[in-house]
Amino acid sequence: MPGRAPFLRTALLAAALLTATACGTTPEPDASPSRTAKPSATPSASPSEELAKAAGSVGGPGTACALPVSFSLTEGWEPETVEKPEDPDFAALVEQGPATIVCEAKSEGTPDIGFLRVWTAPKAPARTTLTAFVKDDKSKALVLTDVRLGGTAAVEARYSVYSALEEEWRDGRSFAVETAKGTVIVELGGLDAEEDAVVAAYELAKSTFEVA
């Protein structure tokens, strides 16, 4: 399988395509109000969750990314720190809403193309931060659910997000938790983000998530 492009190069390509199609016929997302699901005491399980087995972790001591949280990664997923470019024109590529990406775990050693991105934002309620994060992208049909991750109150978002690369709407999912060092968002994405094995990596992150 061909090597994956680094995050920044992928972001630059996406930005170029968005610019190229700005005057075209790319459909705009519907202005749909977010919906709030009933609170859940525990994260909802998925059949795909059974496919994932922990083979590493991120966020803890000695891992690739220094984070105020930690969670497990499945086999073949490799994390790396994302540095914010000094050039302000490129710095915007690692920001979304109130959040800045600080770490990315990619499915380098698997047949699928997926990633788990960790974003940090100033300390604020998880629901407020996650809503602003999702709405800053081309998204619609946002549904928020209160969950508990590692004994900590958190919020999970499910929504549809428009992919300029594929010119279609795809399922999006992410979750957020407020910590003493700021609010943290973990986002699932990638070309194969809807594949069972990729969703399983996300579910593993949820089920093993802990605040440092």
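Helices (H or I, at least four residues) and strands (E, at least two) are DSSP runs, numbered from the N terminus. By that count, the protein chain here has four helices and twelve strands. Keep in mind that this is a predicted model, where local features need pLDDT of at least 70, side-chain atom pairs count only at pLDDT 80 or more, and totals for chains, interfaces and linings use all residues. Residues are numbered from 1 along each chain as its sequence is written, and side-chain values use heavy atoms, with hydrogens and water left out.

Let's start with the whole chain. Of its 212 residues, 42% count as buried, meaning under 20% relative accessible area with a 1.4 Å probe, protein chains only. Take the contacts (heavy atoms within 4.5 Å) between residues at least 6 apart in sequence: 60% of them join residues at least 24 apart.

Now zoom in on strand β6, residues 99-106. Who are its partners? Two strands pair if DSSP finds at least two bridges between them, and β6 has several such links.

With strand β4 (residues 78-81), β6 pairs in the antiparallel sense over four bridges; there, Pro79 stands opposite Ala105 of β6. Strand β5 (residues 95-96) is also antiparallel to β6, over two bridges, and Glu95 has Thr100 as its bridge partner in β6. β5 and β6 form a hairpin with two residues between them, and Gly97 in the turn has a positive phi of about 60°.

Strand β7 (residues 115-121) runs antiparallel to β6 too, joined by six bridges. Here Ile101 is partnered with Trp119 in β7.

Conventions
Buried means under 20% relative accessible area, exposed over 50%, partly exposed in between (1.4 Å probe, protein chains only).
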